[in-house]
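Have the viewer open as you read.

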Amino acid sequence: MRDIFRNATFCKLFAAAVTSQLGSTIGNMALAFYLLDHYSNQPGYAALAELMYSLPTLAVFFLVGVLADRMDRKKICAYSDWIRAGLTMGLLGALVAGWMPLVFGVLFVRGAVGKFFNPAQSALVQSILKPEHYTAAAGMNQMVFSMFMLFGAGMGALAYHYIGIEGAVLLDAVGFIISGCLIQTTRVGMDIRLPNGRTAWREIGLSLIIRDFREGIGYIFRNKLLMAIIAGFFIFGFINGAFAVLPMFMMKYKLAPDHYQQYTSLFTIFFGIGLLPGSLAGSYLVRKWGYIQVIVAGLLANVVCGSMMAFTGQVWLFMLSAALVGLGIGPVNVAIGGWMPRIIDSSIRGRVNAWIDPIMMLSQSIALGLIAVLYPRWITLEAAYVGVGVCILAVTAFYALKLPELSRRYNGGTGRETAEKSGVPDEADMGASQ
């Protein structure tokens, strides 16, 4: 862990990712509270706002990976932050005017611009690290995510309470500006920023986009192990979509209707309390047991713990369940985050990483759309949680059945993918998995 923080370039990129995430978390949580306060009879508005964060992926995913591999990755990250800062000021104007269609429209455009950030930033980080540091870096990312779980909703609630929705949105803009400046001042070699050489904008035509788009999906299909891992992400999208709004609805409409803001903040804190030690233990567990065992065991534990959340009538039992779910999901995310860079070549990481978001966001958008339409008229909160549990159980069974066999082929018959293995598969490796 200490080795990666001796890398000054990683430290700056890591700090930029943190401030960029901060530029989303506070305002998004404050906006959710604002919508539930001002439109309490229309809970679908909160789900619709979440949909505006995920749905843009489907509009730009065919461009995201191509640009991340063909254009300057550093500039993509910086400009994405700065453009989002400008759009956030537009969001502020729409909120002041009280015109909700414009609010959702700006959220959609800002979400679309934000989709260019992660593939380019991930490709930069993965390219400046040694393969043996991938799992530690994934653990660090999970720790940061844990901290946002611990304090994100609380910061959003405090910002909304003390400085209003306008002040919270302004904090968003400041976070994006700082992140963009950090990235712009980071020194990164041109071989990392432009792994496939310099490409002029006039060369980015339809034929190049289609060709690179096909290369990205072709790479995934040739690498059966990678394809199996990514296939599970479709189910993860359903889970993410549901958990984006269901805990808030649980507090607002069942467990603590008079204090839902405070208890929603506490939910994320308890989830983070579990996620933080789970993330810290993730690297150790991967070294001890291997990636597959950690992924399957963590998901199976979440099926058990998540079922407690569906039917409890006690708010503190719900919080305890959230902590246990976080404890199980932390090692899973570290294992997946540390494993995938090892089986993806650096020159195509942008195009492959760009497929992860649309796959997850498609299912996340479906989940949010279903919740917005079906709840509360057609389904109960308990039924929604049961659906989430079925999704987790399905992906657990799929990984348990498919990953061991594919890992044995990839590892030449060892059947155990661990953090000690480095490198990416060549064409022969991928062909052996077909």
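On the surface, Met 308, Leu 317, Leu 320, Leu 324 and Leu 327 make up a nonpolar patch, and together they have about 370 Å² of accessible area. To count for a patch, residues need over 30% relative accessible area and no salt bridge; nonpolar side chains (Val, Leu, Ile, Met, Phe, Trp, Tyr) are joined within 5 Å, like charges within 9 Å. The areas themselves come from the Shrake-Rupley method with a 1.4 Å probe, and for residues only the protein chains shown count as cover. Bear in mind that this is a predicted model: local features need pLDDT of at least 70, side-chain atom pairs count only at pLDDT 80 or more, and totals for chains, interfaces and linings use all residues. Residues are numbered from 1 along each chain as its sequence is written, and side-chain values use heavy atoms, with hydrogens and water left out.

Helix H15 (residues 315-339) gives the patch its largest share, four residues. Helices here are DSSP runs (H or I, at least four residues; strands are E, at least two), numbered from the N terminus. Leu 320 sits in H15, and at a relative accessible area of 43% Leu 320 is partly exposed, a class between buried (under 20%) and exposed (over 50%), using a 1.4 Å probe and protein chains only.

Now look at how H15 meets helix H14 (residues 291-311). Their axes come within 8 Å and cross at roughly 160°, so the two helices are roughly antiparallel. The axes are lines fitted to C-alpha atoms over the stretch in contact, with angles from 0 to 180 degrees between N-to-C directions; over 145 counts as roughly antiparallel, under 35 as roughly parallel, 65 to 115 as roughly perpendicular and the rest as oblique.

How many salt bridges does the structure hold? There are two, each with a side-chain nitrogen of Lys or Arg within 4 Å of a carboxyl oxygen of Asp or Glu. In one, the side chains of Arg 84 and Asp 81 meet at 2.8 Å, N to O. Both residues are in helix H5 (residues 73-97), and being three residues apart puts about one helical turn between them. Arg 84 and Asp 81 are both buried.

The other joins Asp 172 and Arg 110 at 3.4 Å, N to O. Asp 172 belongs to helix H9 (residues 164-184) and Arg 110 to helix H6 (residues 100-114), so this pair ties together parts 62 residues apart in sequence. Asp 172 and Arg 110 are buried too.

Finally, H6 also holds Gly 111, which is buried at a relative accessible area of 12%.
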